[in-house]
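This briefing is for a reader who is new to the structure below. Please look over the sequence and the model first, then read the points by topic.

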Amino acid sequence: MVRANGAVSLRELARVVQTSEVTVRRDVRALEAEGLLDRRHGGAVLPGGFTRESGFPQKSHLATAEKTAIADLAANFVEEGEAIVVGAGTTTQELARRLARVPGLTVVTNSLLVAQALAHANRVEVVMTGGTLRGSNYALVGSGAEQSLQGLRVSRAFLSGSGLTAERGLSTSNMLSASVDRALVQAASEVVVLADHTKLGTDTMFQTVPTDVITRLVTDEPPAHDDRAHTELQALADQGVQIAVAGATGATGASGGDEVPARRQRALPGPRRGQTPGGGAGLRPAAASVLGEQGAERERARVADLRRR
């Protein structure tokens, strides 16, 4: 299955061979020791994960439930009348399907899949970049895509990637995709990363978004046994990334996801995009906690306002 698809989830393996995920995890560990595959959180890929990238058909079958939950929650962070950029990826495609219901929205994208998801949205304007079509993920890349983004300014960028670590931030396996993602980031005041738990702790070849530029991570709750993913989440939060966990205990959001729990909010510890230097530096722990709670309260009020509309 891994040779045929390039990547496969433990859940899918367990279903096909009719055994438990615990047994599959043990077998995958043994195959990795023989150099036949590389383990990833929640799945396995062919060896050479730093340079190998799965195509759209393979990615679309991985962590589908998690991507749906992440998209539901991420849609709550998009406001009526905003201008945003949405990068290529299967998770961002799920987000785009939900953005079709946000009136007055302008979406700039290099993804044909994102554009297709919004093609029939009456009150959403879609702006496509130029560039050369990369068939494996239906995205426009190259100098044409990057040049079309020069001089652009939007409120938020929503991006996904192949891996996310606290040390390097978001990364991908393809150089052309990484260059366009960096151009998308430069156009935005805030950067929201959409990454399911299988990507936490995974590092790939080309860095796209350094950790100190990421404003918020929207992810799902890692399994209890996944210590590495939990550790990576804590490390990201310690560096000032706001963590929104789909499915965590909280009130139901406007788009069907869960509202960001107060316990997940983190005050930004230092200068970030759009902040004046020293704006968050030197905060005492108690003050940082208060700021986090205030941020959560503002977020809840905004979602409530969206419901009333």
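Predicted model: local features only at pLDDT ≥ 70, side-chain atom pairs only at ≥ 80, totals over all residues.

**The parallel sheet**

Strand 4 (residues 83-86) pairs with strand 5 through 4 bridges, in the parallel sense.

- Thr 109 has its bridge partner in strand 6, namely Met 128.
- Between strand 5 and strand 6 the chain passes through helix 7 (residues 112-118), making a right-handed β-α-β crossover.
- The open sheet is made of 7 strands with parallel pairing, and their order is 6-5-4-9-12-14-15.
- Strand 6 and strand 15 (242-246) are the edge strands, and each of them pairs on one side only.
- From one strand to the next, the twist of this sheet averages 20°.

- Another open sheet has 3 strands in the order 10-11-13, and the pairing is antiparallel.
- Strand 10 (163-165) and strand 13 (206-209) are at the edges with a single partner strand each, so one side of each has no neighbour in the sheet.
- Here the twist averages 40° from one strand to the next.
- Strand 10 pairs with strand 11 (residues 169-172) over 3 bridges in the antiparallel sense.
- Gly 163 is placed opposite Ser 171 of strand 11.
- Helix 9 packs on this sheet and touches strand 11 and strand 13, and the direction of helix 9 makes about 20° with that of strand 13.

**Helix 6 and Leu 99**

- Helix 6 is mostly covered, with 9 of its 10 residues buried.
- The buried residues of helix 6 include Thr 90, Gln 93, Glu 94, Arg 98 and Leu 99.
- Leu 99 belongs to helix 6 (residues 90-99).
- Is Leu 99 buried or exposed? Leu 99 counts as buried because its relative accessible area is 0%, and the cut-off for buried is under 20%.
- Leaving aside residues up to four places away in sequence, Leu 99 touches Val 78, Ile 84, Val 86, Leu 105, Leu 118 and Val 124.
- From C-alpha to C-alpha, Leu 99 and Asp 72 are 9.7 Å apart in space, and they are 27 residues apart in sequence.

**Nonpolar cores**

- The largest nonpolar core holds 31 residues, and Leu 164, Val 193, Leu 200, Val 209, Leu 217, Leu 236 and Ile 243 have the most contacts inside it.
- At least two residues of this core come from each of strand 9 (154-159), helix 9 (175-186), strand 12 (188-194), helix 10 (227-238) and strand 15.
- Another core, of 25 residues, lies apart from it, and Val 78, Val 107, Val 124 and Val 192 are among its members.

**Confidence**

- The protein chain has an average pLDDT of 77, and 68% of the residues score at least 70.
- Where in the protein chain is confidence lowest, and where is it highest? Confidence is lowest in helix 4 (residues 56-59), with a mean of 45, and highest in strand 4, at 98.
- The pLDDT is below 50 over residues 54-61, a stretch with 17 contacts in the model beyond near neighbours in sequence.
- Residues 249-293 also have a pLDDT below 50, and this stretch has 87 contacts in the model beyond near neighbours in sequence.

Methods. Residues numbered from 1 in each chain as written. Heavy atoms only, no water. Pairing = 2+ DSSP bridges. Helix = DSSP H or I, 4+ residues; strand = E, 2+ residues; numbered from the N terminus. Right-handed = clockwise from strand over helix to strand, strands pointing away. Axes fitted to C-alpha atoms, helices over the stretch in contact; angles between N-to-C directions. Buried < 20%, exposed > 50% of the residue type's maximum accessible area, 1.4 Å probe, protein only. Contact = heavy atoms within 4.5 Å. Core = buried A, V, L, I, M, F, W, Y, C linked by side-chain atoms within 4.5 Å. pLDDT = per-residue confidence, 0-100.
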